[in-house]
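Please keep the sequence and the 3D view at hand while reading.

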Amino acid sequence: MQKLILLFLFLALTSALSAAGHRDRGLFGSLGFLYSEDETTNTGSTRSRENFTNKLNLGYIGNIYSPRLLQYTLKGSIRSDKLKDETSSQKTDSNDYGIELNFIKGTKFPFRIYANQQNSPISTQYANFSTSYIYESQAQGISGSVNLTPYQIAYGMSNIKGVSEYADNVQNTQNSSYFGTFDYSTKAHQLSIKYKHNEEENVQNYLNNSVTSVNQVKDKVDLSYKTDISEDLKLNSDASYETDEYYETTRMDARADLRWTPKRAKYDATLSVNSTQLQYQEANTTEQFNAININQTLNYRLSSSINLAQSAMIYTFDTPTVKGVNTNLNLAATHAYTRTVFDDAKFNLTTNLIVQKNDTTTKESKDGNSTNTSTAVERYTFNLNAGVTKELPSIESNLNISASTNMSTSSEDYQQQRFSFNAALVSRLFAIVNNNLAAAYSITSTSNTGVSSSYSSSSLRDALNFNFRLGMRGRIAFNFGMEYINMVNDEESTSQVNPMMNVNLNYRFFRRLMFSSRVSVKQYYDTLDYAGNANLVYEAGKTHISMSYQYNKTETQSETRKLEVERTLLKIQLIRRF
């Protein structure tokens with residue numbers, strides 16, 4: 001592998017001088033570094049980390065005779081990471097190189113071959129000792145396709161080997177796989193068949209000379225078929241078969257969906273059938289799980305404002321010890337009403353009635369005994385939503401008011417009632433200031449087998465935001481707000497006031513130099529957050545330089561003490577692309 005890569009690297013370097021006049025050939029890459037300094041203080045304890053990373057990426061794209069015959073790509077990278085904190089320093093020197101060959105691109109039979117290798121040793125120095133670990137990986141593969149419209153075939157295979165060294169063991173892994181797909185596609189029919197085989201081997205050698213090995217083999221076949229049975233009736237189906245030798249399981253899934261949507265009709269319907277069969281080993285005995293799920297829907301538009309809907313579901317399952325059947329039936333009616341009132345106010349009203357019935361039956365057999373259980377639940381739900389939207393041009397405002405109620409009862413002696421009200425006024429003041437004022441209230445009451453409870457919440461929120469330009473190069477934006485929240489849970493009341501503020505600044509000093517910053521303060525319950533950042537970015541052609549500084553502080557007041565977490569992060573980055 002290394003000899004092959006060196007051969008193509010020699011061809012690339014000898015042809016680099018003549019590549020200037022060819023757009024499909026040439027060198028590419030980047031060189032950059034990143035420095036970061038991260039410091040965190042948690043209730044008096046401080047931890048700091050410094051990280052320095054530099055990376056070189058280099059590649060060459062070339063071809064033999066023409067890109068349509070053979071186009072090759074050689075690429076490699078060298079990276080160094082140095083991490084230091086109070087107790088240790090860590091260094092990682094990694095390299096990654098590879099080759100990719102693309103044959104007869106633009107034809108009906110393209111294929112590619114690739115290979116790459118990676119090496120990442122890690123060394124860590126502590127106060128009195130040091131450690132060194134390795135990580136190596138190699139990958140090779142081939143993939144291609146055959147395009148013969150309306151038929152298309154795709155294939156491929158890959159092999160990945162890895163070696164990882166840890167404190168007490170060395171792990172060797174190998175993953176090999178191959179696949180093939182066949183697709184047939186016309187205007188009325190789409191057929192797809194896919195097969196994949198995967199083998200994964202993991203061997204761990206420990207210091208005490210013990211060895212553990214895991215060999216997992218999987219095979220999977222997927223089939224899918226779509227067709228238009230008629231102009232109004234469409235079929236979408238798929239099936240899969242999968243085996244796993246390690247877990248000794250075999251699984252089969254199948255699905256078929258029918259969608260009936262007649263044109264210019266007031267109705268549509270769907271029918272879906274799903275089935276699953278799973279075979280597995282349990283105490284040296286082959287067990288089996290079977291399940292079938294059938295879903296059906298029907299919609300009828302009685303008029304432009306009235307819609308009727310019906311849906312049903314049947315689910316059955318069968319295991320060696322438990323069998324069950326679950327059925328569900330839903331009926332719904334929805335009415336939507338919209339009208340303009342008071343000249344320019346828009347009023348909308350939506351009512352919804354839902355009837356549900358759910359039956360469940362299970363039979364459990366164990367030690368020669370069987371137990372039958374069944375439940376039947378009926379639920380009735382009524383929803384009403386009303387809203388008004390009105391523009392107030394005299395004060396440059398927009399008013400939205402909405403209210404909703406929900407009532408639900410079931411045969412299990414469970415009842416719930418909920419009412420909510422929302423109002424929002426969005427105004428523009430002095431042509432530059434936006435004011436958002438909102439109020440909300442909701443109350444929920446429940447009764448379950450004679451036990452009642454209630455919960456209510458109310459809030460009032462006001463936010464001001466305005467922004468203006470700083471000449472032709474910048475803009476600054478201010479946001480201020482405050483929220484009052486009150487919650488009552490079974491007559492236990494809590495309330496709070498949460499203020500917030502943030503300022504954003506963007507300014508371009510020169511055409512290539514951009515500065516941005518943000519400062520924010522917000523409070524929620526007993527937690528107060530401070531945050532700020534500043535960023536400076538310089539872009540000049542293929543050169544990128546950036547500096548950023550972040551500051552975060554969180555104060556939490558508990559019943560016994562005050563907790564503080566403070567963090568600062570500094571980053572400096574330089575990237576040069578070519």
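The side chains of aspartate 222 and lysine 220 come together in a salt bridge with an N to O distance of 4.0 Å, a salt bridge being a side-chain nitrogen of Lys or Arg within 4 Å of a carboxyl oxygen of Asp or Glu. Aspartate 222 is partly exposed, at 27% relative accessibility, and lysine 220 is likewise partly exposed, at 32%; here buried means under 20% relative accessible area, exposed means over 50%, and partly exposed lies in between (1.4 Å probe, protein chains only). The model is a predicted one, in which local features need pLDDT of at least 70 and side-chain atom pairs count only at pLDDT 80 or more, while totals for chains, interfaces and linings use all residues. Residues are numbered from 1 along each chain as its sequence is written, and side-chain values use heavy atoms, with hydrogens and water left out.

In general, side chains of opposite charge can pair when their charged atoms come close. The structure holds 14 salt bridges, and three of them are set out below.

| Acidic residue | Basic residue | N to O distance |
| Aspartate 222 | Lysine 220 | 4.0 Å |
| Aspartate 238 | Arginine 255 | 2.3 Å |
| Aspartate 38 | Arginine 567 | 2.7 Å |

Aspartate 238 and arginine 255 form a salt bridge whose closest N and O atoms are 2.3 Å apart. This pair links distant parts of the chain, since aspartate 238 belongs to strand β13 (residues 233-244) and arginine 255 to strand β14 (residues 249-260), 17 residues apart; strands here are DSSP runs (E, at least two residues), as helices are (H or I, at least four), numbered from the N terminus. Aspartate 238 is partly exposed, with a relative accessible area of 27%, and arginine 255 is also partly exposed, at 23%. Through shared partners, salt bridges join Asp238, Arg255 and Asp257 into one network.

The salt bridge between the side chains of aspartate 38 and arginine 567 has an N to O distance of 2.7 Å. It too links distant parts of the chain, with aspartate 38 in strand β1 (residues 26-42) and arginine 567 in strand β30 (residues 562-577), 529 residues apart. Arginine 567 counts as partly exposed, at 37% relative accessibility.

Turning to surface patches, Glu37, Glu39, Glu50 and Glu86 gather in a patch of negative charge. Patches are made of residues with over 30% relative accessible area and no salt bridge, like charges being joined within 9 Å and nonpolar side chains (Val, Leu, Ile, Met, Phe, Trp, Tyr) within 5 Å. Lys and Arg count as positive and Asp and Glu as negative, with His and the chain ends not counted, and the place of a charge is taken as NZ of Lys, CZ of Arg, CG of Asp or CD of Glu.

A nonpolar patch on the surface is formed by Ile229, Leu258, Leu271, Val273, Ile292, Ile294, Ile314 and Val325, which together have about 580 Å² of accessible area, as given by the Shrake-Rupley method with a 1.4 Å probe, only the protein chains shown counting as cover for residues. Strands β15 (267-282) and β16 (285-301) each supply at least two residues of the nonpolar patch, whereas isoleucine 229 is found in the loop between β12 (211-228) and β13.

Which residues make up the largest nonpolar core? Its seven residues are Tyr60, Leu70, Tyr72, Leu74, Ile99, Leu101 and Ala115, where a nonpolar core is a set of buried Ala, Val, Leu, Ile, Met, Phe, Trp, Tyr and Cys residues joined through side-chain atoms within 4.5 Å. The elements giving two or more residues to this core are β3 (70-84) and β4 (89-103), and β3 gives the most, with three residues.

Some backbone details remain. The peptide bond from threonine 149 to proline 150 is cis, with omega near 10°, and proline 150 lies in the loop between β8 (135-148) and β9 (151-165). Isoleucine 104, although not a glycine, has a positive phi of about 40°; isoleucine 104 sits in the loop between β4 and β5 (111-119).
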